[in-house]
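Hi everyone, thanks for coming. Let's take a look at this one together, starting with how its parts meet.

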Amino acid sequence: MRRLTLALLCTLTLIGAPAQASAGPRPMEVFSEDGTITRVPVDLPEPRLRARLAPTATVTPVEVNGDPANRIDLTFLGDGYTAADQASYSAQVADTWARMTAKEPFRTYRELFNVWQVNVVSPVSGVTGDPTADVVKDTPLGAQFWCDGLERLLCVDIDAARAHAALAPGMDQIAVLANTTKYGGAGYTEEELVTFAGGHALGAEILPHELGHSLGDLADEYPYWAFPGDGSRYEGPELAEANVTIKNAEQMTAERAKWWRWLGSPTPDGGVTGAFEGAYYTQYGAFRPSDNSLMRSLRREFNSVGREKMIAEFFEIARPIDAHTPNTSPVPRQSTLAITTLPVEGLTVRWFKNGHEMADWRGRTSVRAVGGGNGGTFRVEVSHTTPDVRDPAHLAGPLTQSVTWTVKGNH
Ligand SMILES: [Zn+2]
């Protein structure tokens, strides 16, 4: 009954529903098989009416590490997989997740993620444009190669993808696998959506780069808009993202700006952190922290600066304290005050009574509110530390969380 009502509502909204915002070309990322990334303006295909119909699909929890309210939710969709192809789809999702969690910082912080798989069943196997431009398949998400004339650019119907992803309990990032062995993909940087070939060994490598944008707010460190060596120069104001700057190493050190804390330190993608010219789609005038990180080429590691920012952003979504006993109103004396923390290494738990640390309670996740005094307070502070995060603002910010309980006075 509920499903029928939803379908009716959605049919009604078809009438006069505004078309998907598609005013002019939008920037999208194209990934070459050799790992090179470029950014090009793309005219997206027209959305189709099916996108606004109520989607139906089952959802498989691939890996659930906690309440979606305090986890980063990664939602996989498949397009062009028939009922008979679903086992293959499941295997490709598992492989993608395994590759992602082999790479830092996802490996260390794996348990901050939930992974969901929406089982979209297609009436036809395969997707449009595979193997050649004249092949058309009517699949639920409209995946298609040759998007805007670019063979390796794999577009989808964004509305249809979002509607299906909404079937999962959470979606901080949507990853669409297309049922194909033909190399291709796309990064919808404004949509927190990525597409790639589910059956190509390199397809999944696109995902961690896109998570660098969607989760880490990282900039691209490659210098080209569409073609390398174009002589372009960045002449605008200082850049907002953590991993690009208009300052050279001397200026960063003098001004304590950007990644000055990392200058001269080894970086996980190789070499030493410095100021390398060429980033943010320009050849000159913008600097990146390392020679060739994942934000510049596929199949690389994040550099120290990118890794630090990713971890900080992970903790913005997945807070150090998973749950705690209620503190919205004063608690009786002798109450048990308890927390559960994120399942990660490197957490410190400290308790404070009326502002003074109870050193004996360090590391405990449950205490008794004893001797709180008249209207006193108990506060617990959970903080995560790692050598991968140096910025005190991150350490005191997203990597730390406190909860305070007020104890009822004696009346
Ligand atoms: Zn990018």
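Domain 1 and domain 2 bury about 550 Å² between them, and 49% of that area is on carbon and sulfur atoms. Buried area here is the accessible area, taken with a 1.4 Å probe, that two parts lose on being put together, summed over both. Before going on, please keep in mind that this is a predicted model: local features need pLDDT of at least 70, side-chain atom pairs count only at pLDDT 80 or more, and totals for chains, interfaces and linings use all residues. Residues are numbered from 1 along each chain as its sequence is written, and side-chain values use heavy atoms, leaving out hydrogens and water.

So where are the two domains? Domain 1 covers 25-214 and domain 2 covers 320-406, with bounds that come from an automatic or database domain assignment. Their C-alpha centres lie 39 Å apart. At the interface, 5 residues of domain 1 are in contact with 7 residues of domain 2, contact meaning heavy atoms within 4.5 Å.

Which residues form the salt bridge here? D322 pairs with R71, and their closest N and O atoms are 2.9 Å apart. The rule, a side-chain nitrogen of Lys or Arg within 4 Å of a carboxyl oxygen of Asp or Glu, finds 1 salt bridge across this interface.

Now to the disulfide. The structure holds 1, defined as a pair of cysteine sulfur atoms within 2.5 Å. In general, a disulfide is a covalent bond between the sulfur atoms of two cysteines. Here C147 is joined to C155, with 2.0 Å from S to S. The link of C147 and C155 is left-handed, with -85 degrees about the S-S bond.

Are these cysteines, C147 and C155, buried or exposed? Both C147 and C155 are buried, which is under 20% relative accessible area, with exposed being over 50% and partly exposed in between (1.4 Å probe, protein chains only).
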